Amino acid sequence: MDGMFGLRVAVIVGSTRDGRFGPVVANWLLTHLEQREDMTFDLVDLAETPLPTVFPAFGRPAAPGTAELLATVSPRLAAADAFVIVTPEYNHSFPASLKNAIDWHNKEWHAKPVGFVSYGGLSGGLRAVEQLRVVLAELHAVTIRDTVSFHGAWTRFDADAGAKDPAADAAAKTMLDQLAWWAHALRDAKALRPYTA
Ligand SMILES: Cc1cc2nc3c(=O)[nH]c(=O)nc-3n(C[C@H](O)[C@H](O)[C@H](O)COP(=O)(O)O)c2cc1C
């Protein structure tokens with residue numbers, strides 16, 4: 001479903017590392033989104049849309065080359081009703097590539113829900129997600145309670161990119177259902193009363 005009632009979900013792939021595992025996790029999530037009648041998705045892969053780490057001075061526009069790069073990302077974040085961030089854990093946090101993409105934007109996050117699918121070694125990216133909640137609160141976003149996490153992620157998927165443990169599929173449904181509730185609630189509320197904070 002699309003248009004007025006369908007929810008537009010931007011799926012953000014946070015890792016940009018050469019040889020990264022992120023796309024395996026993201027593609028699994030997309031199989032869930034493809035099955036939903038209440039959502040359409042846009043895959044925002046930060047490896048395909050790299051943004052510089054140097055910011056313009058306050059009040060100054062981005063340099064022309066940077067503006068072109070931002071044009072490949074910012075309108076897509078602005079158009080989203082909701083986000084799912086796919087993030088690994090790097091040194092007990094989330095990758096710098098993801099923080100950079102978050103920091104380039106502000107109103108694009110306001111009054112929108114954010115769900116998480118995380119992965120990593122022992123922690124399954126749980127620490128990355130908890131730190132993202134703090135950052136996104138500053139940006140007026142609402143983070144979804146239930147997450148999906150993959151510990152020892154490289155052992156958790158079969159050859160067809162399906163999750164070996166059906167509990168992961170159940171967790172994805174729970175997270176996406178909560179995301180849908182918040183996305184509808186916030187979209188309806190914004191239609192009634194614009195979020196101007
Ligand atoms: C710089 C770096 C730091 C890492 N730190 C952690 C960590 O603190 N905890 C953890 O569970 N895994 C850690 N890992 C393992 C990653 O979560 C795992 O390799 C994951 O596949 C990385 O995501 P990517 O393949 O999409 O880049 C780290 C990996 C890298 C590259």
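Student: Hey, which helix is Leu136 found in?
Tutor: Leu136 sits in helix α5, which covers residues 126–138. Keep in mind that this is a predicted model.

Student: OK. Is Leu136 buried or exposed, and why?
Tutor: Leu136 is buried, because 20 other C-beta atoms lie within 10 Å, and the cut-off for buried is 20 or more.

Student: What does Leu136 touch, not counting residues up to four places away in sequence?
Tutor: Leu136 touches Trp109, Val114, Ala141 and Thr143. Pro56 is another story: Pro56 is 80 residues from Leu136 along the chain, and their C-alpha atoms are separated by 22 Å.

Student: Which residues of α5 are buried?
Tutor: The buried ones in α5 are Ala128, Val129, Leu132 and Leu136. Looking down the axis of α5, those buried residues fall within an arc of 90 degrees, so they line one face of the helix.

Student: Why would residues three or four places apart point the same way?
Tutor: An α-helix has 3.6 residues a turn, so residues with that spacing point the same way.

Student: And what's exposed on the other side of α5?
Tutor: Over there you'll find Val134, Ala137 and Glu138, which are exposed.

Student: What do the buried residues of α5 pack against?
Tutor: They pack against three strands: β3 (82–88), β4 (113–120) and β5 (142–143).

Student: Which residue with a positive phi follows α5?
Tutor: That's His140, with a phi near 65 degrees.

Student: Switching topic: in what sense do β1 and β2 pair?
Tutor: Strand β1 (residues 7–13) and strand β2 (residues 39–45) pair in the parallel sense, over 7 bridges. Arg8, for instance, stands opposite Thr40 in β2.

Student: Now Trp104. Where is its place?
Tutor: Trp104 is in the loop between α4 (96–103) and β4. Trp104 has 19 other C-beta atoms within 10 Å, so it counts as partly exposed. Leaving aside neighbours within four places in sequence, Trp104 is in contact with Leu51 and Leu70.

Student: How far apart in space are Trp104 and Val13?
Tutor: They are 16 Å apart, C-alpha to C-alpha, and 91 residues apart in sequence.

Student: Last one: how many residues surround the ligand?
Tutor: There are 15, and the closest are Ser15, Arg20, Pro88, Gly120 and Gly121. By class, the shell around the ligand has 5 nonpolar, 7 polar and 3 charged residues.

Conventions: Residues are numbered from 1 along each chain as its sequence is written. This is a predicted model: local features need pLDDT of at least 70, side-chain atom pairs count only at pLDDT 80 or more; totals for chains, interfaces and linings use all residues. A residue is near a molecule or strand if its C-beta atom, placed from the backbone, lies within 6 Å of it. Ala, Val, Leu, Ile, Met, Phe, Trp, Tyr, Cys and Pro count as nonpolar, Asp, Glu, Lys and Arg as charged, and the others, Gly among them, as polar. Helices (H or I, at least four residues) and strands (E, at least two) are DSSP runs, numbered from the N terminus. A residue is buried if 20 or more other C-beta atoms lie within 10 Å of its own, exposed if 12 or fewer, and partly exposed in between; C-beta atoms are placed from the backbone. Two residues are in contact if their C-beta atoms, placed from the backbone, lie within 7 Å. The arc is that of the directions from the helix axis to the C-beta atoms. Two strands pair if DSSP finds at least two bridges between them.
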